[in-house]
Amino acid sequence: MNMENKKPVGIIILNWNGADLLRRYLPSVVECNSGDIADVVVVDNGSTDSSRQVLETEFPKVRTLYFSENYGYAEGYNRAIKELGYEYSLLLNSDVEVTPEWLRPLYEYMQAHSDVAACQPKLLSETDRGKFEYAGASGGFIDKHGYPYCRGRIFDTVEEDRGQYDDIIEIFWATGAALMVRTDVYLAVGGLDKDFFAHMEEIDLCWRIHQKGYSIKVVPQSSVYHLGGGSLPASNPRKTYLNFRNNLFLLYKNLPVKQGRRMLFVRRLYDTLAFLMFVAKFDFANARAVIRAHNDFRRQRHRYDGIQPVRSVTIDYPCFRKNIILRYYLLRRTRYSSL
């Protein structure tokens, strides 16, 4: 691809057999890009549908990068970001509709704060536009046992957006659906972990960014609409398996060894309760997924031996002191503001 007159930001959309999504969502990205800040680049991950024809005939001015095979989500982005070499890389899902001037608040904030390595916009639901979207809402956190939640979404409870979370704050993780990151930091920490395959890979990336001493922010003055849930429904056993296994990976590789052992012991107890809840509902497919996740974690965790940090992230996040399971299920605190 022609990289002359490259802008500081590369809006990188990874596509695999998503011709229909390109037709539906790419126009908003093109129309809402003034061109002075960013290039829109579609990276095709070895598609076998009509994606290439759609790009060449319907979006001839969009920059493209074609891979000869499907490298998967994480490795596809790793290869693309390294090859494209923008100062800032903005990982944008192919099912995101952007809004006018959505990019400028993100870019200007990053330009003004050199200690911030990544940020995200406010993520709203494309199908229910008055609500936050599950996969990021207005910034992500993890609790004292490693459970992810968002400002605007805790477990399956998604809040309406009434402007209650419109302030710029420090967050623990930014959504991979619309993640702006300094390219040099992304490459320095190793990018996305391809062994995660899917789910929580952006949380792992953000944890490693924090370990390098950088901050991550949500900038809600920018907002986008995300379809979400297109790959695997929430009740799909494959999704259950990946969420449970990857959450164990997340803790094992990013916590110091002794702290990690304690955390994983507690998580085994909680995951046993989850297994029993699935059994009580006669949902044996998801119950088996929990067992398989733990079995595969034990077999595969050796790949992370020796890379655990000497000490954990020292930032004093309030989220690290909260027990989301107890607050949500026993105290019925289902909103971020009630935690």
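In what sense do strand β6 and β12 pair, and over how many bridges? Strand β6 (residues 116-125) and β12 pair in the antiparallel sense, over two bridges; strands count as paired if DSSP finds at least two bridges between them. Helices (H or I, at least four residues) and strands (E, at least two) are DSSP runs, numbered from the N terminus.

Before I continue, a word on the basis of this talk. This is a predicted model, in which local features need pLDDT of at least 70 and side-chain atom pairs count only at pLDDT 80 or more, while totals for chains, interfaces and linings use all residues. Residues are numbered from 1 along each chain as its sequence is written, and side-chain values use heavy atoms, with hydrogens and water left out.

Let me stay with β12. Opposite Met180 of this strand stands Cys119. Met180 is also the bridge partner of Leu90, and strand β4 (residues 88-92) is joined to β12 by five bridges, the two running antiparallel. Strand β12 (residues 178-182) is largely enclosed by the rest of the structure, because five of its five residues are buried. Buried here means under 20% relative accessible area, exposed over 50%, and partly exposed in between, with a 1.4 Å probe and protein chains only. Ala178, Met180 and Arg182 point one way, Leu179 and Val181 the other way, and all are buried.

I turn now to strand β2. Of the eight residues in β2 (residues 38-45), eight are buried. One way point Ala38, Val40, Val42 and Asp44, and the other way Asp39, Val41, Val43 and Asn45. Strand β1 (residues 9-15) runs parallel to β2 and is joined to it by seven bridges; Val40 is the bridge partner of Ile11. Between β1 and β2 the chain passes through helix α1 (residues 19-31), in a β-α-β crossover that is right-handed. Right-handed means that, with the strands pointing away from the viewer, the path from the first strand over the helix to the second runs clockwise.

Strand β3 (residues 63-67) also pairs with β2, in the parallel sense and over five bridges, with Leu65 as the partner of Val43. Together with helix α2 (residues 51-58), β2 and β3 make a right-handed β-α-β unit.

Which residues of α2 are buried? They are Ser51, Val54 and Leu55. These residues lie on the same side of α2, because they cover an arc of only 95° around the axis, taken from the directions from the helix axis to the C-beta atoms. The exposed residues Gln53 and Thr57 are on the face turned away from that buried side.

Finally, the cavities. On a 1 Å grid over the protein atoms alone, a cavity is a set of points where a 1.4 Å probe fits but cannot get out, and lining residues have an atom within 4 Å of a point. Grid points are joined across faces, edges and corners, and a volume is the space filled by probe spheres set on the points. The search of the whole structure finds two cavities of 30 Å³ or more.

The largest holds about 60 Å³ of space, and its lining includes Cys32, Trp102 and Arg104.

Definitions and conventions:
On a 1 Å grid over the protein atoms alone, a cavity is a set of points where a 1.4 Å probe fits but cannot get out, and a pocket is an open set with protein on both sides within 12 Å along at least five of seven lines; lining residues have an atom within 4 Å of a point.
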